[in-house]
Amino acid sequence: MVRLLLSGDRPQSVLLGALLLTILVCLAFAPFLFPGTRSLETAARICIFIVLVASYDLLLGYAGIVSFAHTMFFGMGAYGVAIATQRMGTGYDALAVGTAAGAGLAAVFAFLIALFSLRVRAIFFAMITLAVASAVAVLVSQLSAITGGEDGMNIRIPRELTPAFRPFDGPVLGLNVNGRVLNYYLVFVSCLVLFLLMLRIVNSPFGRVLQAIRENAFRAEAIGYRVVFYRAAATVISAVVASLAGAIFAIWLRYVGPATTLGVEIMLDILLIVVIGGMGTMYGAVVGTAAFVLAQNYLRDWMGGASEATSFLPLVPDLLNPDRWLMWLGILFILSVYFFPTGMVGRLRGVR
Amino acid sequence: MTLAPEHAPRMAKLSLAERLEPWMPLLLVPALILAGYLAIASPTSWLTLTVSGLAMGMMIFVIASGMTLVFGLMDVINFGHGAFVSFGAFVGVSVLLMLAHMTGAPSLMLNLAAFALAVLAAMAVTGAMGFAFERVIVRPVYGSHLKQILVTMGGLIVAEQLIHVIWGGEEIFIGRPEMLKGSIEIFGATLERYRLVAVGIGFVLFLGMRAVLRGTKIGLIVRAGVENPEMVQAMGYHIRRVFVLVFVAGSALAGLGGVMWGLYQEMITAHMGMEIMILVFIVVIIGGLGSVEGCFIGALLVGLMQNYTAFLEPKLALVSNIALMVAILMWRPQGMMPVIKAK
């Protein structure tokens with residue numbers, strides 16, 4: 001059963017397996033284990049980013065294509081939901097239509113970009129996606145009549161998913177279950193399904209061909225696989241999953257804005273997580289995201305303390321300033337590309 | 001044994017269209033300027049926009065030329081090139097702020113001297129940075145595009161953060177030197193002085209670069225290296241050393257571009273390098289990776305396009321450049337002036 005769910009891609013290491021199981025249990029029972037708004041927020045963010053990062057890993061780690069437009073697809077899903085609920089009113093049909101429209105748009109965009117740039121030269125893809133993504137970000141912040149501009153949009157979701165809704169009279173397992181908790185489980189289950197689906201895809205014959213192309217595109221072509229077709233398909237799949245993650249994110253946050261969905265910072269975060277977690281394995285996304293989001297939330301406090309403690313030294317407090325944590329992450333990123341190309345998962349698998 | 005058949009070789013004369021073909025990209029610039037004239041319909045604003053478009057194009061060219069040569073020579077794609085732009089701007093602006101008495105004086109000589117000092121400082125720092133960047137970041141990842149993109153992107157992140165550490169997180173506003181402020185009027189169109197100076201600097205640089213590449217021995221080695229590095233290596237030239245030289249020169253030029261861009265915008269941020277890289281990528285792609293001439297034409301096209309559409313429909317400025325890139329890649333998938341690789 002477990003084997004079937006994981007599509008035969010086992011963690012291959014006791015340590016990694018234990019870590020994954022811990023993360024799964026923590027996320028599955030997050031509202032009960034860690035009551036409080038902030039920790040629920042963190043847990044939902046981890047779920048959504050696992051899917052987002054895993055879909056990026058499908059492209060970067062499995063197909064060997066660098067894209068800088070992943071947040072664009074993420075944003076398409078989120079804005080799809082926002083615009084649909086604004087036009088159609090609150091309801092599950094609006095959420096479904098918005099999600100589908102966002103995913104469709106993402107698929108079309110991804111297909112066009114892929115056909116256009118991968119046909120010409122694979123390295124153009126990175127540059128062209130960067131250009132297109134920034135053009136879309138500019139458009140979104142300027143077409144304020146449709147997208148709400150820089151302010152973004154608030155989303156009205158059905159009442160059953162808001163904190164005001166109380167399905168049970170008394171507490172369940174010591175927790176007052178409200179709509180927010182139901183919403184969290186919507187996020188959790190959809191993310192789990194999407195993740196397992198991606199695990200299925202990368203372990204299918206299709207995924208194997210992608211890996212072959214990553215290792216040697218010329219040889220894969222010679223064996224008889226249409227490299228352009230496979231690369232384009234990987235781009236489209238990854239874009240659609242990213243847009244679905246965006247839709248879930250919008251439903252959870254009840255808000256979309258350029259900074260929360262389309263920002264360059266988020267794109268860089270995704271890139272850093274994939275590489276540090278481990279490229280070319282879906283579990284890298286899980287481990288990397290959990291570590292990253294926790295570090296983002298808690299390590300910064302620690303850095304602030306360290307910065308104050310060293311305030312008598314020149315330059316050191318500036319280097320340890322919590323706002324500079326991206327620099328340390330960048331250094332870690334460069335080191336992991338050189339020395340641990342398999343990332344955290346590769347390390348964990350090494351220690352059996 | 002039969003005689004060889006009668007054989008009379010004949011040189012077919014190329015038709016005009018065929019002879020014009022290689023020069024087609026060159027004609028695109030006047031064509032775009034003409035299209036801009038027709039679309040804008042007001043000669044004075046058209047002249048103003050054309051000059052600022054050319055100025056912008058020249059600055060982008062200064063930044064992009066190093067990147068395209070680095071790619072052509074060693075097949076290295078440097079996403080961290082923007083870091084040199086930002087660093088150059090910050091160093092140059094710091095020098096200008098230190099020399100406030102020179103930039104504030106109403107004397108063209110003093111102003112230009114301060115500007116030259118700022119540029120020299122910026123180029124020295126970014127050149128040194130380029131040397132270190134090549135050593136530490138790029139050298140271990142020759143031959144793998146994927147790793148190059150990732151690692152140089154990481155380098156860009158770290159460099160941007162270092163700017164925050166050294167200069168603080170705020171943007172810096174900078175006034176232009178006294179004599180470069182203001183504008184002059186030609187045919188009723190107001191032309192900013194600084195933009196004219198930028199066009200001049202860019203054009204001189206292009207001619208200088210062309211002269212070096214076409215007229216000197218090192219230029220010959222670089223051009224040969226772009227076409228076939230192995231062969232140049234076999235001839236006994238140390239291609240790696242040439243490459244480091246080009247990398248350092250390209251980084252220094254990016255620093256120069258950063259100072260020029262900073263004074264053009266009159267404001268600098270740590271993120272500016274990354275922002276301008278988007279246009280630089282478009283230029284490098286449409287010019288043809290590795291080609292300096294293509295890069296020059298591409299930069300002018302992008303600069304003009306950006307300014308014309310920003311006037312006609314501000315929201316579509318970047319979109320129009322992407323459309324330009326799409327159109328050119330449809331026409332010539334390898335860019336306007338592709339470098340013929342002997343591989």
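This is a predicted model: local features need pLDDT of at least 70, side-chain atom pairs count only at pLDDT 80 or more; totals for chains, interfaces and linings use all residues.
Close-up 1. Strands β2 (residues 183-186) and β3 (residues 189-192) of chain B run antiparallel and are joined by four bridges, where pairing requires at least two DSSP bridges between two strands and strands are DSSP runs of E with at least two residues, helices being runs of H or I with at least four, numbered from the N terminus. Two residues lie between the strands of this hairpin, and Phe187(B) in the turn has a positive phi of about 50°.

**Close-up 2. The crossing of α5 and α12 in chain A.** The axes of α5 (residues 70-88) and α12 (residues 227-253) of chain A come within 6 Å and cross at roughly 45° (axes are lines fitted to C-alpha atoms over the stretch in contact, and angles run from 0 to 180 degrees between N-to-C directions). That angle makes α5(A) oblique to α12(A), a class left over once angles under 35 degrees (roughly parallel), over 145 (roughly antiparallel) and 65 to 115 (roughly perpendicular) are set aside. Residues making the contact include Phe73(A) and Met76(A) of α5(A) and Leu244(A) and Phe249(A) of α12(A), contact meaning that C-beta atoms, placed from the backbone, lie within 7 Å.

**Close-up 3. The side of chain B that touches chain A.** Here 30 residues of chain B are in contact with 32 residues of chain A. Helix α7(B) gives the most to this side of chain B, with 15 residues.

**Numbering and confidence.** Residues are numbered from 1 along each chain as its sequence is written, and chains are lettered from A and ligands numbered from 1 in the order written. Local features need pLDDT of at least 70 and side-chain atom pairs count only at pLDDT 80 or more, whereas totals for chains, interfaces and linings use all residues.

Definitions and conventions:
Two residues are in contact if their C-beta atoms, placed from the backbone, lie within 7 Å.
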